[in-house]
Amino acid sequence: MEETVEDPPTSAVLLDHCHFSQVIFNSVEKFYVPGGDVTCYYTLTQHFIPRRKDWIGIFRVGWKTTREYYTFMWVTLPIDLNSESAKQQEVQFKAYYLPKDDEYYQFCYVDQDGVVRGASIPFQFRPENEEDILVVTTQGEVEEIEQHNKELRKENQELKDSCVGLQQQNSDMQAELHKKEVWLLVKHEPENKQTNRKHEPGPQRSELDGVSYTAQLSTQEKEMEKLVQGDQDKTEQLEHLRKENSQLLLTLAQQREHQKKLEQTVEEMKQEAAAAKKKQQQLTDENLGLSETLNENKIVCNVLQREKERLERENDLLKRENSRLLSYMGLDFDSLPYQAPTSDQGGAGQNPGLVYGNPYSGIQESSAPGLLAIKRCPTCKSDFTDDIFDHTLEQQRMQTLCLNCPICDKSFPATEKQIFEDHVFCHTL
């Protein structure tokens, strides 16, 4: 398949008179990335026979006739139309011939009569969006792109030097051609005059030289045309390379910016991770301190619990000892381990636990009630004598006549109520 500058056959037939079902386009993308070649795949149906001047064009959506194509490529005729491979065909559009805008286009197969035989779905030429693909550029890729740009710049410089050389060669050939023309005119002018004087019939040497000169001039002109055409091709190629270089530089700048953002994000994540680690260490230290405090409190609590149990045991022992002593002194008759003897029982009715009897039995009946009057505490139900009970009541009465500070337990007489209130108020300042 070769490109040519020859215009393709077109027609002014409107869109309604075209036949779109004889050629089917396959694998058409929704969009193609600018700066790359595009391959168009199509299938020839069974009843369609391609011809030499058939072509495939890229049309902007909304076209009316085949004259409105943007660019085109000639199709390749298959060798054997009956083979299966002949039905599957493709053409390739070069990147520098493709549209640069983001309008919608479509492929159309046009026969040599200018009639459309097939059309593809619409597509666009636009770069991929960030949501379509996420490009992560590594340092190696950046260096590779920079190396490629360096090679492109070097190649551009070589093309520029080549263009300058071709232009210089063209100028030299023009100067040389002019010199030859002048030399031929000067050389053959006397011979032409002499030939005219002699009037000899037949071709002369000057004519032969003129023919040779004309052929040489024609050859040089063809070579000149080839050089000019080559110069134009190289200029177009250089311009295309410049555009590619600009696109690569733009892409490289975008990738560097993206890489910079990624590095910034990574640095922020590192700082957040360091802060979280520091916070975790602080919480761990606080947890360790609280654990140590809890263990110490548990130890103190255990010690206090044991001390409480010990005091309770001592208290129980003291209560039992106090009850035993009171019972022993006969102050609580309900708890005595014996019964007082009656007048008719005598010594035989004494407590059998005492071998010689109770030495205080006579005192208990006569003097004990008179000496110590038993009274019971209304709160704890403990028994007290009159003097102990009266002393306790006196202390309670004295406490009711005193005002105690709820903060420092300092006591004030009931008559100094204002002083007591001022004292309590000072604690709140």
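Predicted model: local features only at pLDDT ≥ 70, side-chain atom pairs only at ≥ 80, totals over all residues.
Setting aside residues within four places in sequence, T66 is in contact with T10, S11, W55, F59, V110, G114 and V116. T66 sits in the loop between β4 and β5 (69-74). Is T66 buried or exposed? T66 is buried, because its relative accessible area is 1%, under the 20% cut-off. Now find the backbone oxygen of G114. That oxygen lies 3.2 Å from a polar atom of the T66 side chain.

**Zoom out**

Show the whole chain as a cartoon. The chain has seven helices and 13 strands. Its length is 429 residues, and buried residues make up 24% of them. The accessible surface comes to about 31500 Å². Carbon and sulfur atoms hold 54% of that surface. Next, think about contacts between residues at least 6 apart in sequence. Of these, 64% join residues at least 24 apart.

**Into the largest core**

Hide the surface. Select F25, Y42, I56, F93, F107, Y109 and F125. In the largest nonpolar core, which has 21 residues, these seven touch the most other members. Which elements give two or more residues to this core? They are β1 (23-26), β3 (38-44), β4 (55-60), β6 (88-93), β7 and β9. Colour β3 separately. β3 gives the largest share of the core, four residues.

A separate, second core has eight residues. Select W55, F72, C108 and V110, which are among them.

Return to F93 and show its surroundings. Beyond the residues up to four places away in sequence, F93 touches D37, V38, C40, I56, I58, T71, F72, M73, L98 and F107. One of these, F72, belongs to the second core.

**Rings on rings**

Show the aromatic side chains. How many aromatic pairs does a search of the whole structure find? The search finds 20. Zoom in on F25 and F107. Their ring centres are 6.1 Å apart and their planes are at 25°. The pair therefore counts as stacked, since the angle is under 30 degrees. F25 lies in strand β1 and F107 in strand β7, so the pair ties together parts that are 82 residues apart in sequence. F25 counts as buried, at 11% relative accessibility. F107 counts as buried too, at 1%.

Move on to Y32 and F125. Their rings also form an aromatic pair, with 6.1 Å from centre to centre and 35° between the planes. This pair is tilted. Y32 lies in strand β2 (residues 31-32) and F125 in strand β9, so the pair ties together parts 93 residues apart in sequence. Both Y32 and F125 are buried.

Now select the cluster that ring pairs link together: F25, Y32, Y42, F48, Y70, F93, Y105, F107, Y109, F123 and F125.

**Charges over rings**

Select K53 and W74. K53 lies over the face of W74, at 5.1 Å from the ring centre. Then select R126 and F31. R126 lies over the face of F31, at 4.2 Å from the ring centre.

**Along β7**

Select Y104, found in strand β7 (residues 104-110). Y104 counts as partly exposed because its relative accessibility is 45%. Which residues does Y104 touch, not counting those up to four places away in sequence? They are F59, R60, V61, P122, F123 and Q124. Look closely at Q124. A polar contact of 3.3 Å joins its side chain to that of Y104. Now place a distance label between the C-alpha atoms of Y104 and F125. These two residues are 21 apart in sequence and 7.8 Å apart in space.

**Last stop: S120**

Select S120, in the loop between β8 (116-119) and β9 (123-125). S120 is buried, with a relative accessible area of 7%. Its side chain reaches the backbone nitrogen of F107 at 2.8 Å. Leaving aside neighbours within four places in sequence, S120 is in contact with F25, V28, Q106 and F107.

Technical notes
Residues numbered from 1 in each chain as written. Heavy atoms only, no water. Buried < 20%, exposed > 50% of the residue type's maximum accessible area, 1.4 Å probe, protein only. Polar contact = N/O pair within 3.5 Å; in protein donor to acceptor, adjacent residues only side chain to side chain. Contact = heavy atoms within 4.5 Å. Areas by Shrake-Rupley, 256 points an atom, 1.4 Å probe, with all protein chains shown as cover. Core = buried A, V, L, I, M, F, W, Y, C linked by side-chain atoms within 4.5 Å. Phe/Tyr/Trp six-rings, centres within 6.5 Å; stacked < 30°, edge-to-face > 60°. Lys NZ or Arg CZ within 6 Å of the ring centre and 35° of its normal.
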